Amino acid sequence: MTATYTAHPAYTAELVSDEDAFAALGPAWERLHERCAAATPFQSHAWLHSWWLSYGRPGRLRLVLVRAGGELVAAAPLMLVRRPLPALVPLGGPISDYADVLLDDADGERAAGALTRGLAEAARSTLIDFREVRPGGAIERVYDRWRGPRRAVRDSLGLELPAVTMDGLVARLPSHRAQRVRAKLRKLDALGVRRRAVGPEEVDAALGRLLELHRLQWQGRKVTAEHVRPRFREHLVRAVGPMVRSGNAVVTEFRIDGEVVAVDLTLLSRNMVGCYLYGAHPRLRERKADVAVMLLEACAENAAHACAGGRGTLSLLRGDEPYKHHWRPERVANQRLLLARRRTAPLLTAALCDAAARQRGKEVLHRWRDRRQG
């Protein structure tokens with residue numbers, strides 16, 4: 001299904017729900033992704049379309065597209081959900097750390113206005129619920145123009161570093177901690193750890209090794225359940241090869257004496273590099289190798305190369321794990337942006353009540369855990 005209407009004399013907005021049309025959007029979508037400075041790798045066509053094939057539900061696709069002169073200048077990748085509330089939510093789900101729309105930087109004001117009107121048309125009887133919006137996301141321009149009820153609430157916490165080399169990251173540390181990191185880097189050299197970025201033709205096999213090593217490293221411990229499911233493997237294999245070819249991903253293998261002992265997947269965009277997923281053989285820790293230092297050195301090199309001049313961000317993505325704080329990152333909270341029409345204002349109220357209740361539940365659980373540990 002495609003519904004088309006005029007949002008501005010020079011702009012045409014349409015609501016697309018056809019899966020084949022989504023697949024065909026690849027080249028135009030990637031051009032728009034390159035022209036949107038706020039875009040993260042999770043808004044690339046390869047990532048989102050692959051996610052839809054693994055996790056989407058037939059009949060639920062909702063793409064709001066804006067064109068000017070035939071060229072795509074704005075896109076909101078959404079799907080319809082009915083529980084717990086009828087809502088339009090971003091594609092990508094929990095396995096994507098950031099959600100957003102795409103807006104052409106060269107035509108941002110008019111494109112944002114046209115996309116806002118298109119979203120209002122698409123959300124006649126539903127809430128628009130954007131989770132995990134990074135500060136400065138393109139959807140904020142839509143939020144600022146929204147004429148109906150709207151609310152922004154705090155979402156997940158992420159940790160971010162400057163996009164500099166490992167030497168730059170070590171220089172930010174206190175001297176005693178910097179000395180320990182340099183000693184760990186020398187230990188990795190002494191062990192003979194060598195790394196290389198794999199080519200597009202090797203990505204599928206490398207991802208298989210990554211997931212197997214990821215399973216091994218978490219054996220006997222609680223692992224993220226989704227990471228060991230076939231649909232997640234299929235999504236990664238479909239998405240990452242094209243992303244490596246387009247420069248939106250790097251897969252790095254680490255070897256000792258020719259044997260692969262770790263594999264890392266880093267996702268990239270113009271201004272952000274994200275350390276997404278890795279697998280490391282338990283034998284590395286047995287040999288006193290600091291896996292976190294090893295991986296961060298590779299990610300920092302990718303970040304410094306992708307974000308020239310250190311103007312970008314090396315994101316440790318969502319999560320407030322203690323080991324990440326060793327690097328003195330900045331704590332950055334994502335936002336949840338809720339947009340409603342006048343007639344759907346009760347849905348917004350219900351979503352806010354649910355969010356408040358969940359937050360209170362988390363606080364009670366944390367206090368309980370603190371008392372037990374105390």
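Is threonine 126 buried or exposed, and what is its relative accessible area?

A: This is a predicted model, and what follows should be read with that in mind. Threonine 126 has a relative accessible area of 8%, and because buried means under 20% relative accessible area, threonine 126 counts as buried. In the chain, threonine 126 is found in the loop between α4 (108-122) and β7 (127-133). When its neighbours within four places in sequence are left aside, the residues in contact with threonine 126 are Leu80, Pro86, Ala87, Leu88, Thr344 and Leu347.

Side chains of opposite charge can pair when their charged atoms come close. The structure holds 27 salt bridges, and one of them is formed by arginine 35 and glutamate 71, whose closest N and O atoms are 3.4 Å apart. This pair links distant parts of the chain, since arginine 35 sits in the loop between α2 (26-34) and α3 (45-55) while glutamate 71 belongs to strand β4 (residues 71-81), 36 residues apart. Arginine 35 is partly exposed at 24% relative accessibility, and glutamate 71 is likewise partly exposed, with a relative accessible area of 25%.

Another salt bridge brings together the side chains of glutamate 301 and arginine 195, with an N to O distance of 2.5 Å. Because glutamate 301 lies in helix α11 (residues 291-306) and arginine 195 in strand β9 (residues 194-197), the pair ties together parts that are 106 residues apart in sequence. Glutamate 301 has a relative accessible area of 46% and is partly exposed, and arginine 195, at 33% relative accessibility, also counts as partly exposed.

A further salt bridge is formed by glutamate 202 and arginine 196, for which the closest N and O atoms are 2.7 Å apart. Glutamate 202 is partly exposed, its relative accessible area being 26%, and arginine 196 is partly exposed at 33% relative accessibility.

Conventions: Residues are numbered from 1 along each chain as its sequence is written. This is a predicted model: local features need pLDDT of at least 70, side-chain atom pairs count only at pLDDT 80 or more; totals for chains, interfaces and linings use all residues. Side-chain values use heavy atoms; hydrogens and water are left out. Helices (H or I, at least four residues) and strands (E, at least two) are DSSP runs, numbered from the N terminus. Buried means under 20% relative accessible area, exposed over 50%, partly exposed in between (1.4 Å probe, protein chains only). Contact means heavy atoms within 4.5 Å. A salt bridge is a side-chain nitrogen of Lys or Arg within 4 Å of a carboxyl oxygen of Asp or Glu.
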